[in-house]
Amino acid sequence: MVLRWLFGMLIGTAVIGVTSPLFVRSYVPSQQNRGTETLRSNVNYRWRSEGYATTRVGPMGMPGKTVIHSVRANAPGVSRDETEYSVRLALWGDSQAEGVCVEDPSKIFAQTEALLGRGCDVFPLARSGDDLNDWLVQIKFAEQSLQVDFHVFLITQLSDLAVSVRKNAPEDPRKGSLNEYLASTLPAFAIESARNLLTNQRDGTRRKLRFQLGPVSKRSQDFVGESSGGAAANTRFSRAVELLDSSATKPVVLVYAPMVPHISGGKAKWGDSSQAGFEVLHGLADEAGFYVLDLREDFRDAARSGSWCHGFHNGQIGSGHLNHHGNSLIAKRVTELVAKVVGEMRGTK
Amino acid sequence: MVFTQLEFPIFFLFVLGLVWATKCTKTRNYVLWLASYYFYAYWDYRFCGLLFFSTLVDYFVARQLFQAASAIHRRGLLSVSLVANLGLLAYFKYANFFIDSARELFQQQGLGSQSLDIILPVGISFYTFQTLSYTIDVYRRRVDPVDRFVDFALYVSFFPQLVAGPIVRATELLPQLAKTPEFSRRRFYGGFQQMLRGAVKKVLLADRLGEMVDVVFAGPDLYSGVTVWIAVVAYAGQIYYDFSGYTDIAIGAAKMLGYRFPANFRHPYLATSLTDFWRRWHMTLSRWFRDYVYIPLGGSRATRLLTSRNLLITMLVAGLWHGAQWTFVTWGFIHGLVLVISQPVSSKPLISNSVGRVNRQAISHRLTPRKFLGWLGTMLVVLMAWVLFRADGFATAVRCYQQMLFAGDGITWLPPLAIAAMGMMFLEHAIWRTKLRRCMRLPMRDWYSPIATAVMIWCLILYAPQGFRPFVYFQF
């Protein structure tokens, strides 16, 4: 009986192992690329919550981009004609720009490439959790190695432009190599199970069991509101714009695409709490010669017509990450701007 | 402490080990009593005093009741128990309800009124009803008072059923507590499987359904009529799986400790009439209201008019028991009204004396057109009434009804996991009507049992929704 039960439980575990890829995300080891840690190239990365997609990771850890279409003038055997109409964009941002929750053709970079046409490339250099500090260290690589013509920064929250002297405490290298070892050795469902048991799912902190008597006082979370306007915003964004201006030698496009409108507490919220901060940023960006795209009205119009730009059926419509429709609106606006700028540049030549 | 927290299995295993290590009944009961108070104090130690007070009052009242000879004396003693228990319930659960309801009246008289800052003690509705049933049964001479205080204290506070039932009668549990149970491998295994089933129902089904329900009920006018309908069906699933899941864990835990609890649910969404629904839903509460409210009012022994009155009063009180809001009272009223209206249709007693006990031979499982129509009508009434049960007020309920009945415009949201959970609900109920239902208990010797057990355990670890969601019936 005991042996039968042990054997049966092993079979049950195997059933879970075989079916888990339908429901459990990937745990993929990372690698060093472009001066930072990215997903490993040539792997399939599954995303299974709030969106559902499998992303093919291309060269340099670029999610979804496996082919480079354009050629540069200095590539061997390339004639000038072949390079004349190609343009290369570097797409920066965080998980919203990375887009692992949508399939590859629906990602911002892919939709932009499709609209720009043959011979153009959009390099998705965004990673989940990235902010200005991460982008700055990679800009030089993008300009020298990838020979990009434009930098496109997808700003979904103004706090992404906060500059810190030292972003995070350096991670314990032993922990990092343990994570890499586990990710490359254990099946995803085993890692996910361990994570669910050992950590709090909401914030990823280590789970602590409580056996002491209640009541337990609930600490209210101090909500750090998004930036307001005023002198503080001026200082904060001045520094960000200054750093971007000094790091990037190619044209900079700031795409402002916050989660507007969104559904929260049973109500649709149409306003943008960061309006004042954005106005300050817009002014500073104009002075620095940056291009600024404001997607808010596009998102609002879409929502009014029933096509919400954020959220998924397996998450919540109107909240969360950009979906295919949201990405398409961003791709359309970026394409229009780039085409206009490139046209102007060619016209002046 | 909540059954679906990680701390509970650790606590339970510890208690299990201690309890089965001792043969002495008294020691066993002391261990379980202390464990039960620890279980309750895990939420808030301050309210253990309330639980102890209720226990003390009814223990001594019952002993005096047994010895008292005169009817006046006995009635007086019973009144002490009623006042003490219902008084606690009235203050903690209903004080603000009455203050808020009377606020307008107070304001008209130029008097101010302010809500009180009262914490609702977890489980108070359940344990006060449980102790009340004991003193009333002693008063009616249906049960003798218990001798050992620890036995009675354990009966009141026994942790598997303390905070959300089932409401166990003294005649069912006290005789079991009076002796040390024999260990039975079959019952121990059955208890484990029932606990596992309960956890799956709560975590994988109820909580998934709740994710959609919470969002839609927060703002029903944002969503299309189809989505609101799906959310209402999802709520029906959520409340059923949440509560029956809790009950399964409670009954399973008791089994593993060697005790037997009565069933509390019998697939209520298979009911073909509202009368049948109340023979299948929260059966221990139904029988409590039958025995201590409906029958004392006269039950169905009098004229049809009086029977209708008794039904309505019973269901209004049942509604009020569920929560201190007018939406719950209205929910109870709707059920009462439909029960009254359906009186001439059903030839069986409206609230059977054999709630939960079914003459299986007499039941035909064939689905006739009449049964199907009866089922459809019952489900429509139950679903529409659930809207009131879930909504945070009449305004929200009206908005839900508007979207549902007038095919409102809005976002059509089709969450796949919630829909899959509803699919599981339909499948589970369909299987229950067949002989396959035996397989659902996963008998120890059957080949598929270990496979299914492993799959359920892994699913609980892998696929539990993020965040902790309390049991719905904790709020009652």
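Predicted model: local features only at pLDDT ≥ 70, side-chain atom pairs only at ≥ 80, totals over all residues.

Trainee: Where does Val148(A) lie in chain A?
Mentor: Look at the loop between helix 5 (132-144) and strand 7 (150-155) of chain A; Val148(A) is in there.

Trainee: Which residues is Val148(A) in contact with, leaving aside its neighbours within four places in sequence?
Mentor: Contact takes heavy atoms within 4.5 Å. Among the residues that pass with Val148(A) are Arg88(A), Leu89(A), Phe123(A) and Lys250(A). Take Leu89(A): 59 residues separate it from Val148(A) in sequence, yet their C-alpha atoms are 5.4 Å apart.

Trainee: On to the two chains. What makes up the interface between chain A and chain B?
Mentor: On one side, 41 residues of chain A are in contact with 43 residues of chain B. Interface size is often given as the accessible area lost when the parts come together. Here that comes to about 3600 Å², with carbon and sulfur atoms giving 69%. In chain A, Trp5(A), Phe211(A) and His313(A) lose the most area to chain B, together 18% of what that side buries.

Trainee: How many salt bridges and polar contacts are counted between chain A and chain B?
Mentor: The salt bridge count is zero, while 13 residue pairs are in polar contact.

Trainee: Which helix of chain A gives the most to the side that touches chain B?
Mentor: That's helix 1, with nine residues. By class, that side of chain A has 19 nonpolar, 15 polar and seven charged residues.

Definitions and conventions
Residues numbered from 1 in each chain as written. Chains lettered and ligands numbered in written order. Heavy atoms only, no water. Helix = DSSP H or I, 4+ residues; strand = E, 2+ residues; numbered from the N terminus. Buried area = accessible area lost by both parts, 1.4 Å probe. Salt bridge = Lys/Arg side-chain N within 4 Å of Asp/Glu carboxyl O. Polar contact = N/O pair within 3.5 Å; in protein donor to acceptor, adjacent residues only side chain to side chain. Nonpolar A, V, L, I, M, F, W, Y, C, P; charged D, E, K, R; others polar.
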